[in-house]
Amino acid sequence: MQIDLLSDILDLMHIRGGVFGRLNAGDSWATSLQSADAIKFCAATQGSCWYHVKGLPAPVLFSAGDVLVVNSADPLLMGHAPAALPDAADPCPEPDTDGSYQYGRGVVFSMLSGGVQVDAEHRDLLRRSLPPLMHVRHDMDKAGPLANLVRQLVTEMQPQGQPGQSTAVSALTQLLFVQILRTYMEFATEENAGWLRVFGDSRLTTALNSIHRAPASKWTLDELA
């Protein structure tokens with residue numbers, strides 16, 4: 001199997017994935033999720049909530065099956081209603097023995113939270129190249145594989161997991177990130193896709209992969225076309 005350009009880029013950056021835990025929320029709640037060195041992702045598994053991050057004109061609905069990728073130093077505000085977001089608190093509750101964080105009473109909304117880390121040498125390159133926010137909705141045409149990966153992650157994160165649990169979670173997280181990029185590239189506009197939009201054009205991708213596999217070749221426009 002030949003290595004394609006995007007795979008080579010991701011391998012070069014030594015991308016590593018992991019899951020921070022599960023957020024369960026009910027009743028009235030709001031929280032402010034601070035960004036760390038990792039590119040954060042949130043995968044809604046039950047119910048819905050509202051979120052907002054600096055730069056958005058208004059809060060946006062986040063529903064089961066949706067996945068968010070946050071590539072910003074600004075906090076991600078989440079809550080049961082748009083009106084609750086301005087008062088979102090920074091403190092995070094202590095996780096329970098299963099690694100779940102409970103907000104409010106009961107469970108009306110649930111999501112997995114994780115991140116993708118990149119080695120320090122290439123971190124700025126990746127973060128500058130990605131948009132500050134990617135929202136892949138569950139009803140997008142090619143979002144089906146995302147839902148399957150999230151279900152696998154939920155299964156792997158069960159208490160008393162199977163042998164190799166941490167390795168499986170890490171691998172699934174990396175695969176989830178790649179699938180997010182694939183799905184997002186299908187629908188991103190030229191204004192918000194960054195360098196990812198190149199991979200959404202099969203003609204450009206074919207040309208770039210050809211150059212990448214034979215960089216010493218004296219390519220002409222006619223040959224690439």
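Two strands pair if DSSP finds at least two bridges between them. Helices (H or I, at least four residues) and strands (E, at least two) are themselves DSSP runs, numbered from the N terminus. Keep both ideas handy for this tour.

**Before you click**

You're looking at a predicted model, so local features need pLDDT of at least 70, side-chain atom pairs count only at pLDDT 80 or more, and totals for chains, interfaces and linings use all residues. Residues are numbered from 1 along each chain as its sequence is written, and side-chain values use heavy atoms, with hydrogens and water left out.

**Stop 1: the whole chain**

Of its 225 residues, 40% count as buried (under 20% relative accessible area; exposed is over 50%, partly exposed in between; 1.4 Å probe, protein chains only). Now think about contacts, meaning heavy atoms within 4.5 Å. Among contacts in the protein chain with a separation of 6 or more, 75% come from residues 24 or more positions apart.

**Stop 2: the sheet of four strands**

Select E2, E7, E4 and E5. In that order they make an open sheet with antiparallel pairing. At its edges sit strand E2 (30-33) and strand E5 (60-63), each pairing on one side only. From one strand to the next, the twist averages 30° (axes are lines fitted to C-alpha atoms, for helices over the stretch in contact, and angles run from 0 to 180 degrees between N-to-C directions).

Zoom in on E2 and strand E7 (residues 76-79): four bridges join these antiparallel strands. Which residue in E7 is the bridge partner of Leu 33? Click on Leu 76.

**Stop 3: the sheet of six strands**

Next, pick out the open sheet with the order E8-E1-E9-E3-E6-E10, where the pairing is mixed. Strand E8 (100-103) and strand E10 (133-136) are the edges, each with pairing on one side only. Neighbouring strands here are turned by 20° against each other on average, direction ignored.

Strand E1 (residues 16-25) runs parallel to E8, and four bridges join the two.

**Stop 4: Thr 173**

Finally, go to helix H4 (residues 165-187) and select Thr 173. Is Thr 173 buried or exposed? Thr 173 counts as buried because its relative accessibility is 0%. Leaving aside neighbours within four places in sequence, Thr 173 is in contact with Gly 17, Gly 18, Val 19, Phe 41, Gly 115 and Leu 153. Its side chain also reaches the backbone oxygen of Val 169 at 2.7 Å.

Methods
Polar contact = N/O pair within 3.5 Å; in protein donor to acceptor, adjacent residues only side chain to side chain.
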